[in-house]
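Q: I have a structure open and would like to learn how to read it. Where do I begin?

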Amino acid sequence: MAPHSCNRSRAVALAFATAGVASTHAFAPSAFAGSKMSARHSRRSAGCMDMKYRVAVVGGGPSGACAAEIFAQYGDVETVIFERKMDNAKPCGGAIPLCMVDEFKLPETLIDRKVRRMKMISPTNREVDIGDTLKPNEYIGMVRREILDGYLRERAIEFGATPINGLVTNIEVPEGHNGKYKIVYQNYDGAKKVGTKEEMEVDLIVGADGANSRVAKAMDAGEYNYAIAFQERIRVNDEQMKVYEELAEMYVGDDVSPDFYGWVFPKYDHVAVGTGTVINRPAIQEYQKAMRARAGAKIEGGKIIKIEAHPIPEHYRPRRVVGRMVLVGDAAGYVTKCSGEGIYFAAKSGRMAAEEIVALMKANNGALPTESQIKDTYIAKYDKAYKPTYIVLDLLQRVFYSNNGAREAFVEMCDSEYVQKVTFDSYLYKKVQGNNPVEDIKLLFGTIGSLIRGAATAPPDRPFSNPVESLKRL
Ligand SMILES: Cc1cc2nc3c(=O)[nH]c(=O)nc-3n(C[C@H](O)[C@H](O)[C@H](O)COP(=O)(O)OP(=O)(O)OC[C@H]3O[C@@H](n4cnc5c(N)ncnc54)[C@H](O)[C@@H]3O)c2cc1C
């Protein structure tokens, strides 16, 4: 295949890198870069005229940035990262597990707040504090996505990925996936308000473009069901902010969500208050109103500085690899039920997919990998590592978020030290925990007791305002 000409893209890359470094000041590429960072300069100056293949990463969130970073370091492919909005603030609670900080070498300056206490609040407003089992150095990280995403994307650019400020509008797939893919996009480079239609031929595409993925559509990846999540960022006064310094709150009850939870998460100088639902999406505003009411005096008088909403995938797409088109992150459907967590899985899947593709290319003497090779590596390894987590959390959501009695039981159970330890360890370190048979049996009986008590004390759920929605689950 013909080598790609990339003088123009390199000029754009350098312009973005310069602008980005200026805007991410406090987050200059960290220890992660280390000695590799000098390699990137020589790689970039070696020129992409010599490179045989071009990889397009569509989407510059955590999944796209973490994929692009790996391809860029490989050096034998030209890596292009398309992002429709370079200062995008993805609607998100921004909670990340501790293991992500080390694994992705995130500087601590990215973390707005270190949450060491969670308050679980039941339908009858019973409060249970959890966090006593945490060690002094353990915490849940709270980030603003505009900061995290900017940092990760900048790091990929520093390693040599070429950024394009463009909205991908169409992807032309060659017959049988033989030959090059054509990406059609609106280019907004140079802070243009109106995009210019452009096209680019590429050899492999990573779809990291989130829940409304165009790449998924182009490769006929199939649909997934989704929740709608709504969030308001609220600037509260100093006294109110003090309450949330190291505290996050989780509210359950059919008033705040019929199948999920509402949250108050602390950020740098404000709190994020939100909720989500899959089975009654049209009522999301009502649930948000109830969330504000439940948080009450703790956020009263606060100024809403941002309102945001976005779909959250409920499960994997039916197809995650077709030809040389590969989905990662939300585009693939990697958000856990019950906790609604997706940032870590996005970053991890992006990195894992890219690492496996690079390893295949090295093993193939530089040739592009086939669909089955990618499935046998990236997909097989991802599922081996994380499918049990998705299954367990799906089950927990079905059992404990289904009615007020079960939600009441869920909060009561969180009082158990064993439950707290298992929950935190599973979340912070991304491993399904629970290997103490005696405690597990006690937990089983405790759960039954809690469910019976919860059913007796909690108010019954009200009927949905839109029962038709609940039938739409895929
Ligand atoms: C309200 C809410 C709260 C959440 N809270 C949490 C939480 O606290 N913790 C957690 O772990 N997860 C949370 N999630 C889930 C989390 O936000 C996602 O799982 C995560 O953002 C997925 O990352 P991604 O890189 O796959 O996709 P995204 O973050 O969605 O990134 C996709 C990127 O692609 C770009 N893009 C999209 N289409 C195109 C196109 N056609 N052309 C060019 N660029 C394109 C977008 O601008 C975006 O930057 C929450 C989600 C919501 C909606």
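Q: What should I know before reading the numbers?
A: This is a predicted model, in which local features need pLDDT of at least 70, side-chain atom pairs count only at pLDDT 80 or more, and totals for chains, interfaces and linings use all residues. Residues are numbered from 1 along each chain as its sequence is written.

Q: How are strands put together in a sheet, and what is the order of the open sheet of eight strands?
A: Strands of a sheet pair through backbone hydrogen bonds, either parallel or antiparallel. Strands (E, at least two residues) and helices (H or I, at least four) are DSSP runs, numbered from the N terminus. Two strands pair if DSSP finds at least two bridges between them. Here the eight strands follow the order β10-β9-β8-β2-β1-β11-β18-β17, with mixed pairing. At its edges are β10 (196–202) and β17 (321–322), each pairing on one side only. β9 (residues 181–187) runs antiparallel to β10, joined by seven bridges; Q186 has K197 of β10 as its bridge partner.

Q: At what angle do α10 and α11 pack?
A: Axes are lines fitted to C-alpha atoms, for helices over the stretch in contact, and angles run from 0 to 180 degrees between N-to-C directions. α10 and α11 (residues 371–400) pack at about 145°, with axes 9 Å apart. Residues are in contact if their C-beta atoms, placed from the backbone, lie within 7 Å. Among those making this contact are F345 and M352 of α10 and Y378 and Y382 of α11.

Q: Which residues come nearest to the ligand, and why does the ligand lie between two domains?
A: A residue is near a molecule if its C-beta atom, placed from the backbone, lies within 6 Å of it. Of the 39 residues around the ligand, G61, G93, G210, G329 and G342 come nearest. Elements giving two or more residues to the shell include α3 (62–74) and β2 (77–83). Domain bounds come from an automatic or database domain assignment. Domain 1 (7–89 + 146–221 + 317–385) and domain 2 (95–142 + 226–313 + 403–474) both contribute to the shell, so the ligand lies between them.

Notes: Contact = placed C-beta atoms within 7 Å.
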